[in-house]
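Here is a short briefing on one protein structure. Look at the sequence and the model first, then read the points below.

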Amino acid sequence: MENKQLAEVLQQGLQDEMNSAFQYIALAGKHGDVAIKQAFLRYASEELQHAQKLLGMLEQQQVEVGEIPLTLENLDDLYLYLIEYMAHEESAIFYYEALEQLVQQPEVARLCQEVRGEEQLHLRQMRELYQQVKEGTRHDG
């Protein structure tokens, strides 16, 4: 993979991770009991750690990172949002699998394996939270 392509892929990952953190913070502010709020804030912190790792890789590639657009999705229905967010987590898992295969550098492979494992954990936790909300054992509000 050329350096320019790698930079674009890393920057897209950085934007995705930062947007994920932004969404989780917004969810924590709007929905759930204390346990749900804490879970969302923990997920936000982990996504920011992923963003920092990608930023470090961009720095190693000597890529200047400009503005990173952040967007906030509609968060009114926690149940529907969790369904959508599980798809985002699956996409992140695929992103790190593909990045590892495309770059084939040991430091990139380690980062991808580490972050992919964390994203897989997020997906499992999100499925559990979704099931709790669906069954009514947790509520939004």
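Phe 22, Leu 70 and Leu 72 make up a nonpolar patch on the surface, with about 260 Å² of accessible area together. Such patches consist of residues with over 30% relative accessible area and no salt bridge, where nonpolar side chains (Val, Leu, Ile, Met, Phe, Trp, Tyr) are joined within 5 Å. A salt bridge is a side-chain nitrogen of Lys or Arg within 4 Å of a carboxyl oxygen of Asp or Glu. Accessible areas come from the Shrake-Rupley method with a 1.4 Å probe.

The model is predicted: local features need pLDDT of at least 70, and side-chain atom pairs count only at pLDDT 80 or more, while totals for chains, interfaces and linings use all residues. Residues are numbered from 1 along each chain as its sequence is written, and side-chain values use heavy atoms, without hydrogens and water.

**Surface**
- Leu 70 lies in the loop between H2 and H3; helices are DSSP runs (H or I, at least four residues), numbered from the N terminus.
- Leu 70 counts as partly exposed because its relative accessibility is 40%, and buried means under 20%, exposed over 50%, partly exposed in between.

**Helix H3**
- Just after H3, Gln 104 has a positive phi of about 55°.

Note on methods:
Helices (H or I, at least four residues) and strands (E, at least two) are DSSP runs, numbered from the N terminus. Patches are made of residues with over 30% relative accessible area and no salt bridge: like charges are joined within 9 Å, nonpolar side chains (Val, Leu, Ile, Met, Phe, Trp, Tyr) within 5 Å. Buried means under 20% relative accessible area, exposed over 50%, partly exposed in between (1.4 Å probe, protein chains only).
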